[in-house]
Amino acid sequence: LFSPDARPGGQSTPSASSSAPPVRSPSMESSEEGGLSVGGSMGEENYFLGYTFTDRSHSSRVVKSIMDLCLEDGLFADVTITVDSKEFHLHRLVLSAQSSFFRSMFTSNLKESHNRAIELKDVSATVFQLLIDYIYHGTIKLRVEELQDTYEMADMYQLTALFEECSRFLSRTVEIKSCLQVMWLADRHSDQELYTAAKHCAKIHLAQLHQTEEFLNLPLCLLLDIIKDGVPSSQNPTVAIESWINHNKVEREEFSCILQENLKIARSCSDLGTAC
């Protein structure tokens, strides 16, 4: 075919179509919105015959639909958990998806894996409601008055993200009156960051704490940790040690030397400005 503008001598001016870049065969590698994945080389899918479509919003939509159904008046509930005489109509799938504790309970050979009615005795109904709100909705109202119980139950039911958030909240809100209890709590749950925050509060307020029940019943290992951390002289650590020993002198007098020795070491390190 020749252009209408053909010149004498057999030469012709190239038409617009001949100067345009060659048309490529359809080869669609990816799509931002959809999941189109089509190749143009041999052995790959031919766009004109068929292609693989991946719905990128499928997973989130399915999860949302499942949760909407579960939250609709307990639709499809397959287990009733009773706490303090209050019944919770729940779903094994949802509980197992969020909590390793429940996953183990429902997939083990324990009777709970078959029973449709289960009673829990290690948690209050108030705190369990908070945990269920978190499991089903992903949100929870953390309140200071229930924080320690929520912290413990979150660890027990293996709700890791919630446990860590409770730990951060406790660290930010630790008070003089509760620091020894929080220190003890953190030690039981191997929570080093919370333990350190509570210990620091205890050592700088020891003069206010050494006559309290929490201090007088403090385990030796925790008291040693406070002393080793370097209690300011203004907090009268010697008096605190004596109060602790005299609370149960028969059993504790033998620890006097080790406590006084660690107090001297901590003071020496403090004077030298070094860590012991």
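## Contacts and overall make-up

Among the contacts in the chain with a separation of 6 or more, 52% are accounted for by residues 24 or more positions apart, where contact means heavy atoms within 4.5 Å. This is a predicted model, in which local features need pLDDT of at least 70 and side-chain atom pairs count only at pLDDT 80 or more, while totals for chains, interfaces and linings use all residues. Residues are numbered from 1 along each chain as its sequence is written, and side-chain values use heavy atoms, with hydrogens and water left out.

The chain holds 15 helices and three strands, taken as DSSP runs numbered from the N terminus (helices H or I, at least four residues; strands E, at least two). Of its 276 residues, 34% count as buried, that is, under 20% relative accessible area, with exposed meaning over 50% and partly exposed in between (1.4 Å probe, protein chains only).

## The largest nonpolar core

A nonpolar core is a set of buried Ala, Val, Leu, Ile, Met, Phe, Trp, Tyr and Cys residues joined through side-chain atoms within 4.5 Å; the largest one has 63 residues, of which I81, L95, L120 and F128 touch the most other members. Helix α5 (residues 125-137) contributes the largest share of this core, eight residues. Leaving out residues up to four places away in sequence, F128 touches I81, V83, F88, L90, F102, L120 and V123.

In helix α4 (residues 100-107), the buried residues are F102, M105 and F106. They lie on the same side of α4, because they cover an arc of only 90° around the axis, the arc being that of the directions from the helix axis to the C-beta atoms. Their cover includes β1 (79-83), α3 (92-98), β3 (117-120) and α5.

V127 lies in helix α5 and is buried, with a relative accessible area of 3%. Apart from neighbours within four places in sequence, V127 is in contact with D149, T150 and M153; V127 and D149 are 22 residues apart in sequence and 7.1 Å apart in space, C-alpha to C-alpha.

## A nonpolar surface patch

On the surface, V62, I66 and L93 form a nonpolar patch with about 250 Å² of accessible area together, areas coming from the Shrake-Rupley method with a 1.4 Å probe. Such a patch is made of residues with over 30% relative accessible area and no salt bridge, nonpolar side chains (Val, Leu, Ile, Met, Phe, Trp, Tyr) being joined within 5 Å; a salt bridge is a side-chain nitrogen of Lys or Arg within 4 Å of a carboxyl oxygen of Asp or Glu. V62 lies in helix α2 (residues 58-71) and counts as partly exposed, at 35% relative accessibility.

Notes
Patches are made of residues with over 30% relative accessible area and no salt bridge: like charges are joined within 9 Å, nonpolar side chains (Val, Leu, Ile, Met, Phe, Trp, Tyr) within 5 Å.
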